[in-house]
Amino acid sequence: KKENHIRRKTMMKEILIRLQKELERMSDQKLQENGQRYFKEPIKTYGTKTGEVVKLGKTYFKEIKGLDKEEVFELCEELWKSGYLEKTFIACEWTYNMHDQFEEEDLEIFERWIEKYVTNWASCDTFCNHTVGEFLMMYPRHITTIKKWARSNNRWMKRASAVSLIIPARKGMFLKDIFEIADILLLDQDEMVQKGYGWMLKAASEDDERAVFKYVMKNKATMPRTSLRYAIEKMPKELKKEAMAK
């Protein structure tokens, strides 16, 4: 048993080394400089095409498929720790790939990762849209934890509380909770948070346009214009006009 454990640990270490070499080989300085344009905060990136990173993540996942969920999560945490955008995308993909094994206590791990390692909107959205969104659809009672995130002092935790609901919102889930989260975030001064909850409302409008329109009209006097614009983006022209009118 001990030998098997050592063998698996060695294999895990070796995978991370090979993955890094591959990313370094794929890196492109021009893409690196271009990539920074999409972020206000400094990011660490190899400068690779997203499609290639996704492909790489899939290839390597075939090798780790036989590992326990805990071991896969351990690898993901190592990728998160690096701070490199591409590695966080691969970590997001691998975590999501384990979703049929998610258990309720996994949310504590996800929360810790967001708090500790998320430093930009791209990592936040990639992780929360799929992994946390899927988790919530499996274990809806944990929406109470997500509401707590909305009251955090960490801007990415706050954004996470909204963007974790994008996919469930499109399916008509959690509408009451979505409005509660929007209420908590309503006057937030951070543009990343404003865009996050505006996007959440827009996703909810795909299922229940009337309810979201009503919410927007009720709050439009105080709601930041950024959030308002996002929220009504998919609505018909006449509703948009009414919502935007001073």
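Are Lys69 and Asp106 buried or exposed? I looked this up first. Lys69 is buried, and Asp106 is buried too. I keep in mind that the model is predicted.

**Entry: Lys69 and Asp106**
I checked how the two residues meet. They form a salt bridge, with 2.8 Å between the closest N and O atoms. The pair links distant parts of the chain. Lys69 sits in helix H4 (residues 69-82), while Asp106 sits in helix H6 (residues 106-117). They are 37 residues apart.

**Entry: Arg112 and Glu77**
I then looked at another salt bridge, between Arg112 and Glu77. Here the closest N and O atoms are 2.7 Å apart. Arg112 lies in helix H6 and Glu77 in helix H4, so this pair ties together parts that are 35 residues apart in sequence. Glu77 has 13% relative accessibility, so it counts as buried; the cut-off is under 20%. Arg112, at 34%, counts as partly exposed.

**Entry: Arg18 and Glu63**
Next I turned to Arg18. Its side chain meets that of Glu63 in a salt bridge of 2.6 Å, N to O. Arg18 belongs to helix H1 (residues 2-26) and Glu63 to helix H3 (residues 50-64), so the pair ties together parts 45 residues apart in sequence. Arg18 has 30% relative accessibility and counts as partly exposed. Glu63 has 35% and also counts as partly exposed.

**Entry: the whole structure**
How many salt bridges does a search of the whole structure find? I noted 23. I also found a network of salt bridges that links Lys147, Lys176, Asp177 and Glu180.

Notes:
Residues are numbered from 1 along each chain as its sequence is written. This is a predicted model: local features need pLDDT of at least 70, side-chain atom pairs count only at pLDDT 80 or more; totals for chains, interfaces and linings use all residues. Side-chain values use heavy atoms; hydrogens and water are left out. A salt bridge is a side-chain nitrogen of Lys or Arg within 4 Å of a carboxyl oxygen of Asp or Glu. Helices (H or I, at least four residues) and strands (E, at least two) are DSSP runs, numbered from the N terminus. Buried means under 20% relative accessible area, exposed over 50%, partly exposed in between (1.4 Å probe, protein chains only).
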